[in-house]
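Me: Hi! Could you walk me through this one? I'd like to start with the ligand and then look at some helices.

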Amino acid sequence: MGEPHAIVVGAGIGGLAAALALHRRGWGVTVLERAAEPRELGTGLTLMANALRGLDALGVGEAIRRHGVPDSPGGLRTSNGRWLSRIEGAALERALGTAALGIHRTALHRLLRAALPASALVTEADVVDVDADAPAVTYRRDGSPATLRADLVVGADGLHSALRRRLWPELPCPAYSGSTAWRAAIRWTGPVATAVTWGPGREFGTVPLGDGRLYWYAAETAPPGGREPDELAAVRDRFGGWHEPIPALLAATPPEAVLRTDLFHLATPLPSYVRGRVALLGDAAHAMTPHLGQGAGQAIEDAVVLGAACAGGRADLAGALAAYDRQRRPRSQAVARASARTARYGQQLRHPAAVALRDGAVRLTPSRVALRAAARYADWQPPG
Ligand SMILES: Cc1cc2nc3c(=O)[nH]c(=O)nc-3n(C[C@H](O)[C@H](O)[C@H](O)COP(=O)(O)OP(=O)(O)OC[C@H]3O[C@@H](n4cnc5c(N)ncnc54)[C@H](O)[C@@H]3O)c2cc1C
């Protein structure tokens with residue numbers, strides 16, 4: 001019969017991590033990716049301790065740390081620069097055993113891909129159907145349909161997952177979160193902390209990436225679908241009067257570097273991450289708002305747990321998938337709820353009285369409580 005085989009749909013961070021987790025447990029893997037050249041758009045991201053521990057378990061943690069930058073001490077400020085709370089990076093590192101990491105998405109994607117056999121990835125393969133019992137997927141490539149069978153199918157096809165739609169047709173589509181976001185990775189060598197600034201209905205964040213680069217993101221409460229002829233000018237209008245270094249960072253940003261994304265999430269949680277021999281993971285399973293910086297981290301956790309659950313190969317795969325669902329659904333859905341809450345009471349809060357009340361409460365929070373809150377969702381260990 002040979003080695004057990006899995007088809008992974010989608011070569012984003014979640015799909016590549018899942019393929020790697022299964023490959024390391026003795027599975028053959030085929031990753032079907034719709035795009036011609038799978039690459040991570042969207043500049044940079046923060047990998048919290050849980051994501052880094054997951055990447056360590058996949059054997060790529062060290063390589064990824066070499067391409068990123070440990071978080072520098074930062075915290076939370078108001079738009080005039082006043083600190084509401086300061087998180088000392090070293091204290092967080094002591095609490096969690098590892099600092100968070102800022103990394104360019106392209107570097108993360110490249111390193112995950114390099115750890116897989118080159119033949120595992122099939123590009124320009126658009127998956128259009130799935131049979132959860134066979135299990136099998138149908139995809140279109142070069143204009144022709146093809147069907148591929150395996151022992152397991154992993155749906156890692158992101159926010160607008162076709163597999164989720166096919167398997168849970170009764171569930172509503174992802175919902176608009178109420179916020180739109182701009183982001184850019186720029187050349188920047190000056191010292192900038194990993195920090196977040198709140199203003200009414202708005203947020204601006206900075207993440208050093210190393211190699212003389214920095215990633216900034218900005219979010220605003222707004223109706224969906226808004227587009228500006230010059231998105232950088234729109235960001236300058238809204239954030240250009242905030243404290244330094246925000247105006248300087250925007251002045252150093254080329255217009256073509258700015259990416260705008262309306263933020264959607266899976267507001268109705270899935271009743272299961274498994275149907276037949278198909279397992280969903282990453283944004284396909286629990287797309288969340290980015291306000292906790294945990295979407296990719298949760299996808300990596302999913303991948304590690306799925307790999308561990310399926311270590312027995314074909315033996316009791318139904319039991320393995322049930323264990324995956326049991327271990328991953330409560331935690332990832334709790335993180336998704338917390339992320340939406342963080343958005344509501346953080347970036348999305350607009351009423352001046354509510355903002356003043358919230359800012360006062362944050363200022364009065366003792367630093368050890370703030371530290372515990374910052375560590376709460378990042379404190380995760382891969383299965384032994
Ligand atoms: C503004 C913003 C900031 C963020 N910041 C952070 C952060 O700091 N830290 C963090 O951990 N997370 C962050 N996230 C979240 C993170 O980016 C996502 O959760 C993560 O990238 C999801 O990975 P994924 O592999 O599940 O999905 P995706 O990255 O969406 O990958 C899905 C892949 O599937 C492919 N695909 C889709 N449909 C098909 C099909 N039918 N057939 C074949 N292939 C298909 C797509 O082309 C794509 O390559 C942020 C998100 C946003 C929007």
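Reply: Happy to! A term to start with: a polar contact is a pair of N or O atoms within 3.5 Å; within protein, one must be able to donate a hydrogen and the other to accept it, and residues adjacent in sequence count only if both atoms are side-chain atoms. By that rule, a backbone N or O atom of isoleucine 13 lies 3.3 Å from an oxygen atom of the ligand. This is a predicted model, where local features need pLDDT of at least 70, side-chain atom pairs count only at pLDDT 80 or more, and totals for chains, interfaces and linings use all residues. Residues are numbered from 1 along each chain as its sequence is written, and side-chain values use heavy atoms, with hydrogens and water left out.

Me: How far is glycine 14 from an oxygen atom of the ligand?

Reply: A polar backbone atom of glycine 14 is 2.8 Å from a ligand oxygen atom.

Me: Switching to helices: at what angle do α1 and α5 pack?

Reply: About 25°, with the axes of α1 (residues 13–24) and α5 (residues 105–114) 9 Å apart. Angles under 35 degrees count as roughly parallel, over 145 as roughly antiparallel, 65 to 115 as roughly perpendicular and the rest as oblique, so α1 and α5 are roughly parallel to each other. Helices here are DSSP runs (H or I, at least four residues), as are strands (E, at least two), numbered from the N terminus. Axes are lines fitted to C-alpha atoms, for helices over the stretch in contact, and angles run from 0 to 180 degrees between N-to-C directions.

Me: Which residues meet there?

Reply: From α1, Ile13, Leu16 and Leu20 meet Arg105, Leu108, His109, Leu112 and Arg113 of α5, where contact means heavy atoms within 4.5 Å.

Me: What about α4 and α13, what angle do they make?

Reply: About 60°, with the axes of α4 (residues 89–96) and α13 (residues 367–375) 10 Å apart. That makes α4 oblique to α13. Ala91, Leu92 and Leu96 in α4 touch Leu371, Ala374 and Ala375 in α13.

Me: Last topic, cis peptides. Where is proline 135 found?

Reply: In the loop between β9 (126–131) and β10 (136–141). The bond from alanine 134 to proline 135 is cis, with omega near -20°. Another cis bond runs from glutamate 244 to proline 245, with omega near 10°.
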